[in-house]
Amino acid sequence: MWKVTLQAFGVLLLACFLGNFVLGWFQHNNARPQTQHNEHPNRASASQDQSCLCHLTGVLDDCFCDVESIDVFNNIKIYPRFQKLTERDYFRYYRVNLKRPCPFWPDDGHCSIKDCHVEPCPESKVPVGIKSGNYNKYSQAANTMSDMSECQQAKELGAINNTLSNQSKEAFADWARHDDAQDHFCELDDETSPDAEYVDLLLNPERYTGYKGPSAWRVWNSIYEENCFKPRSVYRPLNPLAPSREQITFSSSVALYSGDDDGEGFYNWLEGLCLEKRVFYRLISGLHSSINIHLCAEYLLDEGWGQSVWGPNIQEFRQRFDTVETKGEGTRRLKNLYFLYLIELRALYKVAPYFERAFVNLYTGNTQEDGDTKDLLLQIFNEIKAFPMHFDEKSMFAGDKIEAKTLKEEFRLHFKNISRIMDCVGCSKCRLWGKLQTQGLGTALKILFSEKEIKNLPEHSPSKGFQLTRHEIVALMNGFGRLSTSIQQLHNFRLMLKEKR
């Protein structure tokens with residue numbers, strides 16, 4: 001009997017062991033799906049933090065470049081060099097008239113917020129070679145006057161003088177006539193106006209100022225609604241960030257009622273446009289996105305004890321670009337930034353021969369710094385030439401010659417009108433950076449539409465067919481520098497969002 005009992009007990013133990021083994025095996029093999037299922041909420045939370053960036057990948061529309069290639073190229077090769085370039089004296093001083101009246105509606109008055117204020121640079125602090133003005137475009141002869149006193153040098157450089165050859169005098173006169181005749185893409189400030197002042201861009205950085213309300217809304221509304229080839233019957237997508245006009249900042253998107261909240265009606269219309277008009281809208285949207293990123297990255301975090309603290313505001317960034325918050329708009333806006341980057345990059349590629357000529361100097365009066373500045377600029381051009389995925393502008397304005405000419409002129413006038421709207425911005429600092437970046441983009445467009453003139457540049461003498469003023473050069477490089485900074489700041493926001501997971 002005991003023998004039978006022991007046998008039964010053994011069988012029971014074996015069954016229990018096998019049962020536990022089978023149960024453990026079953027639980028182990030079913031744990032993965034169960035764990036994966038339970039991980040979804042955490043992953044959803046993490047993806048929510050990065051939802052505005054997780055779709056920012058792949059090939060861009062209307063070109064053959066991808067986001068990842070631009071990120072690597074910009075953040076490693078371009079951004080560090082442009083940071084150094086824009087700190088050089090030639091590029092940090094920008095002459096601008098911030099007192100021009102708004103040409104489209106009664107002036108609302110200037111913003112009284114202290115951070116809207118722009119501190120002009122005393123002329124005594126501006127390098128003498130810069131104060132000499134735009135007559136001195138090619139300064140090889142001017143460099144020979146380095147031993148003169150500052151007063152004498154400024155006097156000599158500020159006019160066409162008898163130290164120049166007759167050929168040079170004729171060239172200066174040709175440049176002046178050509179500048180007057182050129183079809184500019186921007187409304188240029190009169191640098192001789194008593195209201196024009198030099199601004200040190202390094203001491204007046206672009207950042208969030210608190211400027212908002214109906215005045216800010218009207219500026220962006222006018223840009224998008226009246227200048228982007230859009231009929232009034234087509235509504236832009238609703239911006240969830242701004243339920244009322246009073247809450248809209250200068251940097252925020254324009255809130256317009258749309259019966260189609262996901263914006264598909266608008267984008268169906270946009271995709272139906274010709275390439276040139278799609279490009280125009282994407283340029284403006286990209287510029288708008290870039291400005292938004294700057295203000296999110298340099299946000300006023302604290303005003304305590306009389307010292308302001310500026311830094312990245314992740315929540316503000318998500319409100320402007322998150323896929324959910326913007327109902328799918330965020331990724332489109334960011335891709336338009338990359339598209340704008342490619343357009344201006346292409347312009348720099350095209351204009352490189354203009355600066356590579358030996359007699360072209362970025363003149364400030366400091367021979368050593370001027371040489372170092374040009375060397376740095378040429379290094380940047382070499383990097384840009386090595387980039388393999390440039391935008392092909394030849395596809396634009398390539399149809400019927402008469403239609404193409406009409407469209408090109410319409411394109412130019414629309415953009416020129418946008419540059420005039422910048423004089424309606426009530427915040428002085430926003431106006432400064434808006435004018436500079438608009439001027440930079442306008443200069444880039446001027447370059448892209450002057451390909452034949454640039455190809456025919458004489459190697460050893462000034463050109464009568466294509467010119468850039470110092471004002472345009474400073475705006476071009478600083479404008480692209482802001483785009484480069486935006487893409488670098490996107491990388492920083494990615495890292496911050498990843499840390500929050």
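Modeller: A disulfide here is a pair of cysteine sulfur atoms within 2.5 Å. This is a predicted model, in which local features need pLDDT of at least 70 and side-chain atom pairs count only at pLDDT 80 or more, while totals for chains, interfaces and linings use all residues. Residues are numbered from 1 along each chain as its sequence is written, and side-chain values use heavy atoms, with hydrogens and water left out.

Colleague: How many disulfides does a search of the whole structure find?

Modeller: The sulfur atoms of Cys102 and Cys424 lie 2.0 Å apart, and these two residues form a disulfide. For the whole structure, the search gives a count of one.

Colleague: Which hand does the disulfide of Cys102 and Cys424 have?

Modeller: The torsion about the S-S bond of Cys102 and Cys424 is about 75°, so the disulfide is right-handed.
The pair joins distant parts of the chain, with Cys102 in the loop between strand E1 (93-97) and helix H4 (128-131) and Cys424 in the loop between helix H13 (401-421) and helix H14 (428-448), 322 residues apart. Helices (H or I, at least four residues) and strands (E, at least two) are DSSP runs, numbered from the N terminus. To return to the hand of the disulfide, the term is right-handed.

Colleague: What is the relative accessibility of Cys186?

Modeller: Cys430 is buried, with a relative accessible area of 11%. Cys186 also counts as buried, because its relative accessibility is 4%.

Colleague: Are H10 and H16 roughly parallel or roughly perpendicular?

Modeller: The axes of helix H10 (residues 314-321) and helix H16 (residues 470-499) come within 11 Å and cross at roughly 110°, where axes are lines fitted to C-alpha atoms, for helices over the stretch in contact, and angles run from 0 to 180 degrees between N-to-C directions. Angles under 35 degrees count as roughly parallel, over 145 as roughly antiparallel, 65 to 115 as roughly perpendicular and the rest as oblique. The crossing angle is roughly 110°, which makes H10 and H16 roughly perpendicular.

Colleague: Which residues of H16 make the contact with H10?

Modeller: Contact means heavy atoms within 4.5 Å. From H10, the contact is made by Ile314, Phe317 and Arg318, and from H16 by Leu490, Phe493, Met496 and Leu497.

Colleague: How are H2 and H11 oriented to each other?

Modeller: Helix H2 (residues 67-85) and helix H11 (residues 329-356) have axes that come within 12 Å and cross at roughly 55°. H2 and H11 are therefore oblique.

Colleague: With which residues is Glu453 in contact, leaving aside its neighbours within four places in sequence?

Modeller: Glu453 lies in helix H15 (residues 451-455) and counts as partly exposed, because its relative accessibility is 35%. Glu453 and Ser463 are 10 residues apart in sequence and 8.8 Å apart in space, C-alpha to C-alpha. With those neighbours left aside, the contacts of Glu453 are Gly465 and Phe466.

Colleague: What percentage of the residues of the chain count as buried?

Modeller: The secondary structure of the chain comes to 16 helices and four strands. Of its 501 residues, the part that counts as buried is 53%.

Methods
Buried means under 20% relative accessible area, exposed over 50%, partly exposed in between (1.4 Å probe, protein chains only).
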